[in-house]
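Welcome! Please take a moment to look over the sequence and the 3D structure before reading on.

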Amino acid sequence: MLATRWSPWNDWTEMQSQMGRLQNQMNSLFGRYGTANGSSFAPRSYPALNVWENDEQLLVEAELPGMELSDMEIYVNGGNQLSLKGERKVPSSEEGTWHRRERGYGKFARVIELPHLVDPDKVQASFKHGVLTIKLPKQEASKPRKIQVKAE
Amino acid sequence: MAEMVKQETGGNVAQAEHTRDNPMFTPRFDIFERDDELILWGDLPGVTTENLHIDFEKNELTIRGCVAPRQEGAQYLLGEYGIGDFYRTFAIGEAIDTEKISAELKNGVLTLHLPKTEAVKPRKIAVKAG
């Protein structure tokens, strides 16, 4: 006779709530990615990217505080691949003690596939206040075309 | 030496709510202590000097960076981070010479120097041979 029954769904919900709790803890630890109202942006790789588009171009933005444009390498390969490379250097530390080290350092590289073919010769990058913005003009073939409908 | 930079005020305690309906983020900081000063480096991408407010009062250091909204209404193909203001408070458990605090903002990184007052700087004691 079974005294207790195993109920997989109870275990599942328990696990889910634990996962949720863990995620909340992670978010509060790495506060940058947890907003005040609780939603989270899970970073997959560094740097985190925002990509959006308009009719003319694709726009890619990354927050890279402490970098210089000359420390970064930006490539467009094959018209639809963007690669970003760079290195953030450790601030000079002579004799002393670290109390907190939350900011990361070191080399990074990231490659993303773009949803449109872009014109590599016309790509522009600007870097302002630690925010990198890359403008990638779409190739003619990738731009939306308005279709005129004739009335019969 | 006892840990000089204590837990941030805040932590699990309920924080004061901000009035603007703009997301608020906790910026990442490095804190380094030298004999004569504390140095803080903070990542504040998108913040300009006009929109950065630093207050030091009653041993509490407050850093507020306002970021102008951008990408509003953008339909993200990839949206991995949010844009909003930065806010962080530290309780500094050491005597700081408030007159000599200096701050610099470059490429979205804040460098803050908090010099210690003369009284707390370590002094080397010369020992004479008897």
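## About the model

This is a predicted model: local features need pLDDT of at least 70, side-chain atom pairs count only at pLDDT 80 or more, and totals for chains, interfaces and linings use all residues. Residues are numbered from 1 along each chain as its sequence is written, while chains are lettered from A and ligands numbered from 1 in the order in which they are written.

## Where chain A meets chain B

Let's begin with the contacts. On chain A, 33 residues are in contact with 36 residues of chain B; contact here means that C-beta atoms, placed from the backbone, lie within 7 Å. Both β1 (49-53) and β5 (97-101) of chain A supply at least two residues each to the side of chain A that touches chain B. Strands are DSSP runs of E with at least two residues, numbered from the N terminus.

That side of chain A is made up of 13 nonpolar, 11 polar and 9 charged residues. In this count, Ala, Val, Leu, Ile, Met, Phe, Trp, Tyr, Cys and Pro are nonpolar, Asp, Glu, Lys and Arg are charged, and the others, Gly among them, are polar.

## A pairing across the chains

β1(A) pairs with strand β6 (residues 76-79) of chain B in the antiparallel sense, over 3 bridges. Strands pair if DSSP finds at least two bridges between them. Opposite A:Trp52 stands B:Tyr76 in β6(B).

## Pairings within chain B

Strand β9 (residues 109-115) of chain B pairs antiparallel with strand β3 (residues 37-43) of chain B over 7 bridges. There, B:Leu40 stands opposite B:Leu112.

β9(B) is also joined by 5 bridges to strand β8 (residues 102-106) of chain B, again antiparallel, and B:Leu112 is the bridge partner of B:Ala103. β8(B) and β9(B) form a hairpin with 2 residues between them. In the turn, B:Asn107 has a positive phi of about 50°.

Conventions:
Contact = placed C-beta atoms within 7 Å. Helix = DSSP H or I, 4+ residues; strand = E, 2+ residues; numbered from the N terminus.
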